[in-house]
Amino acid sequence: EGRIEGDVDSLRFSAEVMSAGFSYGAPLTGFSMSGFRAVTDLAGISRLNFFESFNGTLDVQSRHGVIGKTNLSEIRAGIRSNGAEGTFDVSVLVDSTTHVEMLGTAVHRGGIYQLNMERVKLGFGTTDYENADPVSLLLGQDGFQFKSFSLRRETEEITASGYFHPAGVSDLDVSVKGFLLNNLQQMIPQTRYIASLQGMGGIVSGRILVRGDVEHPNISVDLVVDGFRSKETVFGQVETRLSYFEHLLNVHTSYRYNAVDPNTAPDMQLSGTIPYELSLSASHNHSPKGNIDLKLQSKGMRLDLLSPFLPVVSNVSGFLSCDMKMKGTVDAPEYDGYLVLSSAKFTFVPLGIDYIMDGRFVSNKTNIVFEQVTLKNVPQDQSYVRGLMNLTGNFNLEGLKLGQFDLNANGQLLLMKEAVHPAGSKFYGDL
């Protein structure tokens, strides 16, 4: 239902539109709305001085909508305009996880909209981030610019500055301070990746810089995670510096269990370069080319910290030292260096038996050789048998996959005992 009155120099249009549902365009690229209602009253529509004479209101509500692959619900928008100035009040729930609210004013000058928002709220489940100071943003045909942007939640803060040009050069600066890592579970939609975040915690601070254009981005990331943990295991501090430009990713990551003294040498450190193809353009699908040059170093890292990530073993203890280099092409890298296990005690879950491993693994190109590697039973199981096995041989790595292997074991080892009967096993006894 609508009404038009006036003439070409001063036109007025008012209408109310209601629809149970409508759509436009293809399913994955268009949009659709259901439970839609819009009320508008536009006056002062003139062909001569539109922005000086125009004023109007627009109120929109919709129960559900889809734009491309993004689901929207609880959509509400109110716009009031008087010439080149106006106010807006918008609220929407995105993908059933993110609640967005914006309230502010807009001014149009020279083809650019300046938005000054007194209220900005991003809600993720029970976690809300809000602005303490006004947010200022410029919008134009060539992108957007953050004049001032800061969202906070208690001790957490997210700030942004700079500009983004979808078809030109961008310069964005985003910083986080005191961000709680366990909040990621509420921010990321329910996908297969959400399981890997369960039980993860820590406090993140850092900075992300995005420069260049969509075909040749120049990105740098500096992050520090304090008190990093996975479920019941507390790891300590993880510090990461990443930079990407012209098909090459530079990596520098260090880990410290005790980060009280910043001058303490890292327990483990990974550094080097990796060929990588990163583009913000949807049409870019090149495979990475070039040479890998990575170095992994550790001087006595506690193995119990790796226990949550190791399959078929539990109750891991002992120490790991290594100085490994990985060089060569992406498809066929080669290795050089060593890895030493010292008093590596663990429970082999399928058998329920505890073992201790010691030894040195030396790499030569794609071949990993066992040197003085032993596997033995723990002292309390030595009454069954003098459990000691000498392991010799080698195995081949094809990239990161296990290739051919030639292993020899000489000695005796307790594999089963009467006191341990793993669940589901049909066999038990002393072996």
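I count a polar contact as a pair of N or O atoms within 3.5 Å; within protein, one must be able to donate a hydrogen and the other to accept it. I'm working on a predicted model here.

**Entry 1, T40**

With that cut-off in hand, I looked at the side chain of T40: one of its polar atoms sits 3.0 Å from the backbone oxygen of T57. I then checked where T40 belongs, and found it in strand 3, residues 31-45.

Is T40 buried or exposed? I got a relative accessible area of 16%, so T40 goes down as buried, the cut-off being under 20%.

Next I listed what touches T40, skipping neighbours within four places in sequence: F13, S14, A15, T57 and L58 are in contact with T40. I also took the C-alpha to C-alpha distance from T40 to G56, which is 7.4 Å for a pair 16 residues apart in sequence.

I moved on to the largest pocket and noted a volume of about 1,500 Å³. I found 47 residues in its lining, with L310, L339, L341, F361 and F395 nearest the centre. Several strands give two or more residues to this lining, among them strand 19 (268-275), strand 22 (333-348) and strand 26 (401-412).

Which strand gives the most to the lining? I have strand 21 down for that, with eight residues; strand 21 runs over 313-329.

Last, I sorted the lining of the largest pocket by class and wrote down 40 nonpolar, four polar and three charged residues.

How values were computed:
Residues numbered from 1 in each chain as written. Predicted model: local features only at pLDDT ≥ 70, side-chain atom pairs only at ≥ 80, totals over all residues. Heavy atoms only, no water. 1 Å grid on protein atoms, 1.4 Å probe; cavity = no way out; pocket = protein on both sides within 12 Å on 5 of 7 lines; lining within 4 Å. Points joined across faces, edges and corners; volume = space filled by probe spheres on them. Helix = DSSP H or I, 4+ residues; strand = E, 2+ residues; numbered from the N terminus. Nonpolar A, V, L, I, M, F, W, Y, C, P; charged D, E, K, R; others polar. Buried < 20%, exposed > 50% of the residue type's maximum accessible area, 1.4 Å probe, protein only. Contact = heavy atoms within 4.5 Å.
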